[in-house]
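This report looks at charged pairs and at one residue's surroundings in a protein model. Please have the sequence and the 3D view ready while reading.

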Amino acid sequence: MSGWGEFILAGFAFLASHAIPSMPRLKGVLVATLGLRGWIVAFSTLSTVLLFWLIFAAGRAPYVELWPQDTWARWLVNIAMPLAILLGSYGVGAPNPFAFEGRASGFDPVHPGVAGLTRQPLLWAILLWASAHLIANGDLAHVILFGAFALFTGAGMRALEARKRRVWGASEWQRLSEHTALIPFAALLSGRWRPSALPSPLRLIVAVAAWGALYYLHAPVIGVSPQP
């Protein structure tokens with residue numbers, strides 16, 4: 001299968017896999033069978049494989065130009081991606097009960113860490129990635145791909161925040177979120193949050209290594225050079 005058929009199939013498979021966490025019974029069976037760590041590894045691996053299939057399928061779909069690729073748009077991607085990788089690196093696994101990629105244990109509402117910068121670092125990272133690539137890739141398949149990621153990520157932020165408010169209640173939400181913000185840097189600019197420590201050097205090293213790997217492997221793996 002190739003062309004639009006493969007692209008549509010890959011898209012449905014990716015969406016279907018991400019519906020699993022919202023199915024308590026199915027997720028409960030998988031966690032009970034694989035263990036929590038096994039479930040996380042299995043779901044992350046499946047998501048990564050399906051994401052790469054979706055990206056490759058978009059590249060193999062018929063090319064229908066909606067707008068041309070301009071040099072400035074490629075520069076935009078090269079500026080946005082280091083920021084996205086930094087957000088992802090500092091967000092994943094950090095004490096942050098607001099985000100699905102964070103952990104509740106160890107979170108201090110007075111010194112919220114990365115949640116002071118933004119409560120949803122990974123979702124903002126995905127939104128930056130998708131939006132920058134949407135602007136730089138003006139063919140129909142990639143507009144559908146990156147446009148859908150940007151749309152669902154933006155909607156996902158609002159839905160996740162609303163669910164946390166309902167679960168915790170107004171007073172608990174206020175206590176936990178007092179020194180945080182959804183919009184990056186909003187709590188810092190308003191004076192509600194001040195960093196209490198320097199960023200983790202290890203996470204910075206991971207971010208730089210990830211950026212270097214993505215930059216230099218983009219052409220041989222994806223088939224398109226990231227250079228402007």
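The sections below cover the basis of the model, its salt bridges and the setting of one alanine.

## Basis of the model

The model is predicted: local features need pLDDT of at least 70 and side-chain atom pairs count only at pLDDT 80 or more, while totals for chains, interfaces and linings use all residues. Residues are numbered from 1 along each chain as its sequence is written, and side-chain values use heavy atoms, with hydrogens and water left out.

## Salt bridges in the structure

Side chains of opposite charge can pair when their charged atoms come close. A salt bridge here is a side-chain nitrogen of Lys or Arg within 4 Å of a carboxyl oxygen of Asp or Glu. Searching the whole structure gives three salt bridges.

## Glu-6 and Arg-60

In the salt bridge between Glu-6 and Arg-60, the closest N and O atoms are 2.5 Å apart. Glu-6 lies in helix H1 (residues 4-17) and Arg-60 in helix H3 (residues 36-60), so this pair ties together parts that are 54 residues apart in sequence. Helices are DSSP runs of H or I with at least four residues, numbered from the N terminus.

Glu-6 is buried, at a relative accessible area of 7%, whereas Arg-60 is partly exposed at 46%. Buried means under 20% relative accessible area, exposed over 50%, and partly exposed in between, using a 1.4 Å probe and protein chains only.

## Glu-161 and Arg-119

Glu-161 and Arg-119 form a salt bridge with an N to O distance of 2.6 Å. Glu-161 belongs to helix H7 (residues 140-168), and Arg-119 to the loop between helix H5 (114-117) and helix H6 (121-136), so the pair ties together parts that are 42 residues apart in sequence. Both Glu-161 and Arg-119 are buried.

## Glu-172 and Arg-175

Glu-172 and Arg-175 meet through their side chains in a salt bridge of 2.8 Å, N to O. The two residues are three residues apart in helix H8 (residues 170-177), which means that about one helical turn separates them. Glu-172 is partly exposed, with 26% relative accessibility, and Arg-175 is partly exposed with a relative accessible area of 45%.

## The setting of Ala-150

Ala-150 is in helix H7 and is buried, with a relative accessible area of 14%. Which residues does Ala-150 touch, not counting residues up to four places away in sequence? They are Leu-127, Ala-130 and Ser-131, where contact means heavy atoms within 4.5 Å. Ala-150 and Leu-127 are 23 residues apart in sequence, and their C-alpha atoms are 5.2 Å apart in space.
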